[in-house]
Amino acid sequence: MELPMSKLILIVDDSPTVILSLKSNLTLNGYQVEAAADGAAALSRLQGGLRPALIITDFNMPKMNGGELVRAVKAIPSLKFTPILMLTTESDPKKRDEARKMGITGWMVKPVSGPDLLKVIAQVLPAGR
């Protein structure tokens, strides 16, 4: 199997275990990974010039939740079209619909298997992007 060109993925989650698990899976599959413990830390990194090909964020986090992060990211012109996946324990359809209206690309309920996550990433990050 050919590894993807090293695309940068930003993981935003307040669980160090989730970050470690995702980072391990993604780096083993050829992606570069940066991580932030909450939406505020992620936004600070993005405002500082970090330009990921994809953002994977939790919904429920301290300081700034995933919905607030999506709104802030979509307001940055150079990130407006960056795909964002919501990876969360939240399964409320109202929150999912609200997040879709904000501009998320996809919604996955934890836990998600490594192969399933990679399949979704391959769908939202076409080759050459």
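This note goes through the sheet, the helix packing and a few local features of a predicted model.

1. Basis. The model is predicted, so local features need pLDDT of at least 70 and side-chain atom pairs count only at pLDDT 80 or more, while totals for chains, interfaces and linings use all residues. Residues are numbered from 1 along each chain as its sequence is written, and side-chain values use heavy atoms, with hydrogens and water left out.

2. The sheet. Five strands form an open sheet in the order β2-β1-β3-β4-β5, with parallel pairing. Strands here are DSSP runs of E with at least two residues, and helices are runs of H or I with at least four, numbered from the N terminus; two strands pair if DSSP finds at least two bridges between them. The edges are taken by β2 (32-36) and β5 (106-109); each has a single partner strand, so one side of each is left without a neighbour in the sheet. On average, neighbouring strands are turned by 20° against each other, direction ignored.

3. Strand β4 (residues 84-88) pairs with β5 in the parallel sense over four bridges. V109 in β5 is the bridge partner of T88. Helix α3 (residues 66-74) packs on the sheet and touches β1 (8-12), β3 (54-57) and β4, contact meaning heavy atoms within 4.5 Å. The direction of α3 makes about 175° with that of β4. Such angles run from 0 to 180 degrees between N-to-C directions, and axes are lines fitted to C-alpha atoms, for helices over the stretch in contact.

4. Helices α2 and α3. The axes of α2 (residues 39-47) and α3 come within 9 Å and cross at roughly 15°. That makes α2 roughly parallel to α3 (angles under 35 degrees count as roughly parallel, over 145 as roughly antiparallel, 65 to 115 as roughly perpendicular and the rest as oblique). The crossing is right-handed, a term for the near helix being turned clockwise from the far one by less than a right angle, with anticlockwise giving left-handed. G39, A42, L43 and L46 of α2 make the contact with L69, A72 and V73 of α3. These residues divide into six nonpolar, one polar and no charged. Ala, Val, Leu, Ile, Met, Phe, Trp, Tyr, Cys and Pro count as nonpolar, Asp, Glu, Lys and Arg as charged, and the others, Gly among them, as polar.

5. Helices α1 and α5. Helix α1 (residues 16-28) packs against α5 at an angle of about 65°, with the axes 11 Å apart. This crossing is right-handed. From α1, L22, N25 and L26 meet G114, L117, L118 and I121 in α5. The contact of α1 with α5 has five nonpolar residues, two polar and no charged.

6. Aromatic pair. The structure holds one aromatic pair. F59 and W107 form this tilted pair, 5.9 Å centre to centre with 50° between the planes. Rings of Phe, Tyr and Trp (its six-membered ring) pair if their centres lie within 6.5 Å; planes under 30 degrees apart count as stacked, over 60 as edge-to-face and the rest as tilted. F59 lies in the loop between β3 and α3 and W107 in strand β5, so the pair ties together parts that are 48 residues apart in sequence.

7. Backbone points to check. Most residues other than glycine have a negative phi, and most peptide bonds are trans. K63, in the loop between β3 and α3, has a positive phi of about 70° although it is not a glycine. The peptide bond from K110 to P111 is cis, with omega near -5°. P111 is placed in the loop between β5 and α5 (114-124).
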